[in-house]
Amino acid sequence: MHQKRAALWQTTLGKVRERVVNLPPYRTSGRIVRATGMVLEVVGLQLPVGSACKVELQQGYEQAPTFAEAEVVGFAGDRSFLMPLNEIQGLTPGARVFPLQETGKQEGRRFPVGSALLGRVVDGNGRPLDNRGPIADAKYAPLATTTINPMNRAPIETPIDVGIRAINALLTVGQGQRMGLFAGSGVGKSMLLGMMARFTKADVIVVGLIGERGREVQDFIDNILGAEGLKRAVVVAAPADTSPLQRLQGASYATRLAEDFRDQGLNVLLIMDSLTRYAMAQREIALAIGEPPATKGYPPSVFAKLPALVERAGNSIKGGGSITAFYTVLTEGDDQQDPIADSARAILDGHIVLSRALAEAGHYPAIDIEASISRVMTAVVPEVQVQQAQQFKKFFSVYQRNRDLISVGAYSQGHDPVLDQAVQLYPHLEAFLQQEHTQSATHAHACDALTAVIGGTE
């Protein structure tokens, strides 16, 4: 009996000894000296930007302190600027701040990735939001990844079927392309994204709902994405009531999930709604730590963050997987010259513009075909389709330019053969561009329909 007890004590002491040996010889901490708005100023810590910390909070004299997670977002002299990931209660002057990693290595946080997340809805930290319990058997990885040498990326040479007739035929998207969806509020961009999520021929779908209303998260999952779409999807939700850091992190995490699936050789559809909210989150952080505004209130760091995020999508090395990405861009007041819209247009491989006038007229999807373009279409479809698309746009544009004359009866047939043909074809052109949100139009069907409308006019 005594020998068994002695062996048990030896085992217990051995475990304790292992824990003590692995502890650092000292514990680094800092103290909060100022809290203004969202920013906490800390002295006594020398950590790189992006490091995670925990801030001590007092909940009462008789209760043990709790901790809130924060991240280093900048520094000035010996002061570090921290921003909490969530709203905090109980912060006191002089509160202690500890590095999240006690070992001193500061490797950064790791997030769940991989196929274990398929069918799940998570927040920007990778924590489940769908009340389906913890994510089992997930592997963990940091958000940061090495960039792909642009000379090693596979070229975009294969079309991808998104199930929308107007896009498949007139704005064909290539596998690995980054497209922008430019729209004001309430013109049907969420419904269009849902159609793409359900109908696109992709192995995996990653959806990032960044900075949108919390109500829209549930609505998008239940009514737009649907149960079938969710089975092959991962949804990362960082709604508007989360901190700007959470919104930034949610966008990076969604992109990191897509990168992991791409590295497995899969073809991924990444949907980010919206890129504008991501830019606004970075603006909040930059202005809070004192960065001066440059363009319409946006600091320079915003325009550095956008390409850094977007360039992570695209094709992998030759023979690998791909990320075809759609980023929504909110054009405030339908202003296409908004600085974020203008910057996004320059770094993306094409843009689809949704028109409020078409939406108000009941034209769905409300794609402004004249203002939209796919920069890789000529490389992924036959020349005959390119010519037919150009003919389609020409007739559509001629009719739109003369619409007022036609409406008041000032148009008379026989003076302009191109306009005569445009007037004759316009009902077919308009019908071609419209599609019910429950209907899928394959790439082959879209090309056949385009040929039926335009084929005999060349």
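**Chatting through a predicted model**

Student: Ok, helix α6 first. Which residues in it are buried?
Tutor: In this predicted model, the buried residues of α6 are L275, T276, Y278, A279, M280, A281, Q282, I285 and A286.

Student: What follows α6?
Tutor: That's G290, and its phi is positive, near 100°.

Student: Switching to α3. Why is helix α3 described as largely enclosed?
Tutor: Because eight of its eleven residues (α3 covers 189-199) are buried, the rest of the structure largely encloses it.

Student: Which ones are the buried residues of α3?
Tutor: They're K189, L192, L193, G194, M195, M196, A197 and F199.

Student: So what covers them?
Tutor: The cover includes helices and strands: α2 (165-170) and α4 (214-231), plus β10 (178-183), β11 (204-210), β13 (267-273) and β15 (322-330).

Student: New topic: the barrel. How many strands close into it, and in what order?
Tutor: Six strands, going β1-β2-β5-β4-β3-β6, with antiparallel pairing. From one strand to the next, the twist averages 45°.

Student: How many bridges join β1 to β6?
Tutor: Two bridges join β1 (residues 30-36) to β6 (residues 96-99), and these strands run antiparallel.

Student: Which residue in β6 is the bridge partner of R31?
Tutor: R96 is the partner of R31.

Technical notes:
Residues numbered from 1 in each chain as written. Predicted model: local features only at pLDDT ≥ 70, side-chain atom pairs only at ≥ 80, totals over all residues. Heavy atoms only, no water. Buried < 20%, exposed > 50% of the residue type's maximum accessible area, 1.4 Å probe, protein only. Helix = DSSP H or I, 4+ residues; strand = E, 2+ residues; numbered from the N terminus. Contact = heavy atoms within 4.5 Å. Pairing = 2+ DSSP bridges. Axes fitted to C-alpha atoms, helices over the stretch in contact; angles between N-to-C directions.
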